[in-house]
Structures are given as C-alpha cells and as structure tokens.
Amino acid sequence: DRLSAFDVVMPQPIPGKGEVLTRVANFWFTRMQHILPNHLSDIPLSDVVPDEDERRRLGDRALIVRKLRPLPVEAIVRGYLIGSGWKDYQASGAVCGIALPAGLQLADRLPEPVFTPSTKAEVGGHDENIDFDAMAALIGADRARHVRDIALQLYRFGAGYALERGIIIADTKFEFGFDDDGGIVWMDEALTPDSSR
C-alpha cells in the first residue's frame, strides 16, 4: 500500500492501493495469458498462509507466483511521446535510438508503438534507458528480439482493449523472467497505474 515514484518507495501508505494494483494486474494477466504465460500459480493462498487471520489481513493483495529468474532489463513500450521519451526526443529527435518524425508535441500518439528497454537497477538505484543493441548485449540477440516482440504484442492488445473503453495507456513497462525450462514468462505486474502512464 506504499507509494513509489521514480524507483523510490515512500513511507506513506495509501489504504487499498495494493489490493487495487493486484486486481488490475490479475485482470490483465488473465486476459492476456493466450499471448504469454505469466507467473501466477495455481497454489491456493491457504497452502502458503495457513493462518486465517493473516490471510484476511492480506485480503486481495497477495499472489502466489512461480519462482523465476528475472531478466536484467525492463521492457518498456511507448505508444505516446511523454516522460523520459519526450526528454530524449527533445534532445535528439529519437527515443532510445529510435528516430521519430519531426514536429511531434508532448503526449502525441506515435505512428506505431516503440520498444524502449531500460536497465533494471538494484534497489535504491534508477533504471536507465538503453537502446536495443545494448539490451541484446545483455541478454542475447534472439532473446532480445523475442522480448521486444512479446512486449509490443502485449501493449497493442492491452492498449487497444483499454482505448475501446475510453482509457489511453500512453506507455508501460513489462518484466519477464525465465522458468526452469528456460521459457520466457511475464512477471511482476501488468498494466497497473504503477507501471503505466
């Protein structure tokens, strides 16, 4: 239930925030499981938290998930020019090395969504935007292409669904990990207000 901004978790709680974020994430994980498997487990909460009072305190904030090996990058997709993408564009006419048309304004919809990865900083650090080649150097070219393609597919599906209901998802970040068989799995959160604009 704590607020975070730019990789800093603040001490003030927002009652109910964790439950809302978990419900939103579960909605998207369920709705898009046909695109990519996610980290949700079939194990009931009661198997992990046997105490009924403790389960009640957790409410709908708790998830039982599979343990994965996280990728060291965040897969960011931008459909609109805002945030650090806007700053990059103002300075260079590009976002993470991707050239964009001249004359775009703050919050303009991009001709096509763009994939703009970032590093995944340690706790207390800040993620940094990188280009696709830097991501490929970190995780391998084939894996980088797969992550990019999946992230774009997830964004297009989610943003299209939301737009039909009057909600614009300007950008979002996805996180992925490897399961025991080396397969890519969607993890962490899904199109929540904490991960999306």
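1. Let's start at a loop: cysteine 96 sits between strand S5 (94-95) and strand S6 (98-99), where helices (H or I, at least four residues) and strands (E, at least two) are DSSP runs numbered from the N terminus. Although cysteine 96 is not a glycine, its phi is positive, about 55 degrees. Cysteine 96 is buried, with a relative accessible area of 12%; buried means under 20% relative accessible area, exposed over 50%, and partly exposed in between (1.4 Å probe, protein chains only).

2. A word on the basis of these values. This is a predicted model, in which local features need pLDDT of at least 70 and side-chain atom pairs count only at pLDDT 80 or more, while totals for chains, interfaces and linings use all residues. Residues are numbered from 1 along each chain as its sequence is written, and side-chain values use heavy atoms, with hydrogens and water left out.

3. Alanine 107 is another residue to look at: it is not a glycine, yet it has a positive phi of about 75 degrees. You will find alanine 107 in the loop between S6 and strand S7 (109-115). Its relative accessibility is 36%, so alanine 107 counts as partly exposed.

4. Now to helix H1. H1 has 15 residues and reaches 21 Å from its first C-alpha to its last, close to the 21 Å expected at 1.5 Å a residue (the expected span is 1.5 Å times one less than the number of residues). Its buried residues are Lys17, Gly18, Leu21, Thr22, Ala25, Trp28 and Phe29. They cover an arc of only 130 degrees around the axis, which puts them on the same side of H1; the arc is that of the directions from the helix axis to the C-beta atoms.

5. On to the rings: a search of the whole structure finds seven aromatic pairs. Rings of Phe, Tyr and Trp (its six-membered ring) pair if their centres lie within 6.5 Å, and planes under 30 degrees apart count as stacked, over 60 as edge-to-face and the rest as tilted. One of the pairs, phenylalanine 27 with tyrosine 161, is tilted, at 5.8 Å centre to centre and 55 degrees between the planes. This pair links distant parts of the chain, with phenylalanine 27 in helix H1 (residues 17-31) and tyrosine 161 in helix H6 (residues 141-163), 134 residues apart. Phenylalanine 27 counts as partly exposed, at 33% relative accessibility.

6. Finally, the charges over rings. Arginine 165 lies over the face of tyrosine 161, 3.5 Å from the ring centre, and arginine 148 lies over the face of phenylalanine 132, at 4.7 Å from the ring centre. A charge sits over a ring if NZ of Lys or CZ of Arg is within 6 Å of the ring centre and within 35 degrees of the ring normal.
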